[in-house]
Amino acid sequence: MLATDNLHNEDELLKRTAEGDERAFASLFHAYHQSLGLYIFKLTDSRAIAEEIVQEAFIKAWQHRSTLADITNFKSWLFTVSRNHALNAMRDHSRQLLKHNEWLKQQNLASEMENNADVIYLNKIIAEAIAGLPAQQQRAYLLSRENAMTHAQIAAEMQISPNTVKRHISIALQTITNYLRTHYPDLLVVFGIIFGVYKSA
């Protein structure tokens, strides 16, 4: 049976459905389920959701069949119930999406905090290694890495030759690497890229 605006015998079908007539209810279903599905699909843009809502709308109609005889326009009632259900479903979906996005933000924040903790931990360990350097090596290294001074600038600051500066920094880097290799070998792998930066004098 094709869907129509209203069945010519809708009142009779509703009355029979209210009395538990499954054939009458099937006639109502076949008359309206296609147009209802298309209507809900336009609202939700989801075939799966539309099919689910249509199914639940007719289940609800059957569960409350005793009241159907009092409905003057079954199609209007059916579409209104389904529209409200669709709007609720979309609202719930939006809430779930917001919760998921918030969860992703929290995960990203946790990851960022973990990465920051790794950097802080590495810097602490490097500081330990630097503290054990001879005074001249330590000063040359810190002027290079923390003050971003060139070898020539460091040489002028320390009143030594640029080659001596280069040697001090090279030995300091090797000492730091050996310190990590001895005490924290795993960090040589985890922070290999950082060491690559440190080695570019």
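Visitor: How many helices and strands does the protein have?
Guide: The protein has nine helices and zero strands. Here helices (H or I, at least four residues) and strands (E, at least two) are DSSP runs, numbered from the N terminus. This is a predicted model, where local features need pLDDT of at least 70, side-chain atom pairs count only at pLDDT 80 or more, and totals for chains, interfaces and linings use all residues. Residues are numbered from 1 along each chain as its sequence is written, and side-chain values use heavy atoms, with hydrogens and water left out.

Visitor: OK, at what angle do helix 5 and helix 6 pack?
Guide: About 135°, with the axes 10 Å apart. Helix 5 covers residues 135-145 and helix 6 covers residues 151-158. Axes are lines fitted to C-alpha atoms, for helices over the stretch in contact, and angles run from 0 to 180 degrees between N-to-C directions.

Visitor: And which residues of helix 5 meet helix 6?
Guide: Gln136, Arg139, Ala140, Leu143 and Ser144 in helix 5 meet Ile154, Glu157 and Met158 in helix 6. Contact means heavy atoms within 4.5 Å.

Visitor: New topic: which residues of helix 5 are buried?
Guide: Gln137, Ala140, Tyr141, Leu143 and Ser144. Buried means under 20% relative accessible area (1.4 Å probe, protein chains only). They cover an arc of only 165° around the axis, so they sit on the same side of helix 5. That arc is taken from the directions from the helix axis to the C-beta atoms.

Visitor: What about the protein as a whole, how much counts as buried?
Guide: Of its 201 residues, 30% count as buried.

Key: Buried < 20%, exposed > 50% of the residue type's maximum accessible area, 1.4 Å probe, protein only.
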